[in-house]
Amino acid sequence: MIRNVVGSVLALAGATAAVWSPFRAWYDGRHGSDYPIEDLFTGITDTGAEVIGSILLPFAFAALVTVLGVVLRSRVLVAAAGLVVLGFTVLWMVRVGQAEGSLVVSGDGRGLGDGVANAFGGGILLLLGALVMSGRARRHRLEPAGPPPTHPTLDGPPPGETPAEHPYDAETRSMPYAAPGRFDVPAEPPRDDGRDERPRG
């Protein structure tokens with residue numbers, strides 16, 4: 001939870017710095033909002049641009065992705081926003097370097113301005129925010145229990161079932177104290193040899 005809060009703050013701070021950067025000086029006092037977005041693909045020119053059609057456009061898109069990533073607690077979206085900001089900043093530097101012959105940094109307002117630093121800082125903060133965030137908590141789904149075993153086990157019969165009765169169980173239960181008759185040797189019946197066993201008078 002704390003990691004998500006800290007990561008979200010870093011990400012939102014980075015998105016704010018990236019959106020604010022085009023309104024600062026980028027090179028030789030020229031603001032980033034004065035560079036048309038198409039110049040990043042065709043080459044830097046002296047033609048001005050509307051604010052909405054300037055380099056602000058990809059940064060505003062990255063800020064929108066950042067807000068969505070913070071709401072959804074998605075590290076991937078926040079990291080993608082950081083890569084967009086850094087990617088367009090590096091692309092701008094490549095185009096300006098090709099147009100100017102070289103990139104210089106000076107303290108008299110010439111060369112790279114603080115707008116580029118804000119863009120770079122915003123992109124790095126977005127990546128740090130994505131790194132710090134823990135993302136959404138994963139819920140472990142329990143596997144459904146399989147059907148109860150139908151064969152006898154060492155733990156006894158399955159719940160809800162009674163063991164199959166042996167054909168002789170009813171007999172033994174009906175005579176718990178009698179000797180099991182099925183295992184006794186049958187006694188020899190008395191012989192009838194025609195003798196009268198009654199006492200003679």
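Which residues of helix 3 are buried? They are Leu-56, Pro-58, Phe-59, Ala-62, Ala-63, Val-65, Thr-66, Gly-69 and Val-70, where buried means under 20% relative accessible area, exposed means over 50%, and partly exposed is in between (1.4 Å probe, protein chains only). Keep that list handy, as we'll come back to it.

Before going further, a word on what you're looking at. This is a predicted model, in which local features need pLDDT of at least 70, side-chain atom pairs count only at pLDDT 80 or more, and totals for chains, interfaces and linings use all residues. Residues are numbered from 1 along each chain as its sequence is written, and side-chain values use heavy atoms, with hydrogens and water left out.

How far can you trust it? The predictor's confidence in each residue is its pLDDT, on a scale from 0 to 100. The chain has a mean pLDDT of 80, with 66% of its residues at 70 or more. Among the elements, helix 3 (residues 56-72) has the highest mean, 96, while helix 6 (residues 169-174) has the lowest, 50. Where pLDDT is low, the predicted coordinates should not be read in detail.

Now the overall layout. You'll find six helices and two strands, and from the N terminus on they run α-β-β-α-α-α-α-α. Helices (H or I, at least four residues) and strands (E, at least two) are DSSP runs, numbered from the N terminus. Of the 201 residues in the chain, 28% are buried. Contact here means heavy atoms within 4.5 Å, and among contacts with a separation of 6 or more, 66% join residues 24 or more positions apart. The chain exposes about 14200 Å², and carbon and sulfur atoms supply 62% of that; accessible areas come from the Shrake-Rupley method with a 1.4 Å probe, and for residues only the protein chains shown count as cover.

Back to helix 3. The expected span of a helix is 1.5 Å times one less than its number of residues. Helix 3 has 17 residues and should therefore span 24 Å, which agrees with the 24 Å between its end C-alpha atoms. Its buried residues pack against helix 1, strand 1 (25-27), helix 4 (75-100) and helix 5 (114-132). Leu-57 also lies in helix 3, but this residue is partly exposed, at 42% relative accessible area. Its C-alpha atom is 9.1 Å from that of Ser-33, 24 residues apart along the chain. After helix 3 comes Arg-73, with a positive phi near 55 degrees.

Arg-73 is also one of the contacts of Asn-4, a residue that touches Met-133, Ser-134 and Gly-135 as well, not counting residues up to four places away in sequence. Asn-4 sits in helix 1 (residues 2-20) and is buried, with a relative accessible area of 6%.

Helix 4 comes next. Its 26 residues reach 37 Å from first C-alpha to last, close to the expected 38 Å. The buried residues here are Val-78, Ala-81, Gly-82, Val-85, Leu-86, Thr-89, Trp-92, Met-93, Val-96 and Gly-97. Their cover includes helix 1, strand 1, helix 2 (39-42), helix 3 and helix 5. Gly-101 follows helix 4, and its phi is positive, near 90 degrees.

What about the nonpolar core? The term covers a set of buried Ala, Val, Leu, Ile, Met, Phe, Trp, Tyr and Cys residues joined through side-chain atoms within 4.5 Å. The largest one has 27 residues, and Trp-26, Trp-92 and Leu-126 have the most contacts inside it. Helix 1, strand 1, helix 3, helix 4 and helix 5 each give two or more residues to this core, with helix 4 giving the most, six. Leaving aside neighbours within four places in sequence, Leu-126 is in contact with Ala-11, Gly-14, Ala-15, Thr-66, Val-78, Ala-81, Gly-82 and Val-85. In soluble globular proteins, nonpolar side chains tend to be buried together.

Finally, the charged pairs. A salt bridge is a side-chain nitrogen of Lys or Arg within 4 Å of a carboxyl oxygen of Asp or Glu, and the structure holds two. In one, Asp-114 pairs with Arg-24, with the closest N and O atoms 2.8 Å apart. That pair links distant parts of the chain: Asp-114 is in helix 5 and Arg-24 in the loop between helix 1 and strand 1, 90 residues apart. Asp-114 is partly exposed at 34%, and Arg-24 is partly exposed at 33%. Arg-30 forms a salt bridge with Asp-34, the closest N and O atoms being 2.9 Å apart. Here Arg-30 counts as buried at 16% relative accessibility, whereas Asp-34 is partly exposed at 28%.
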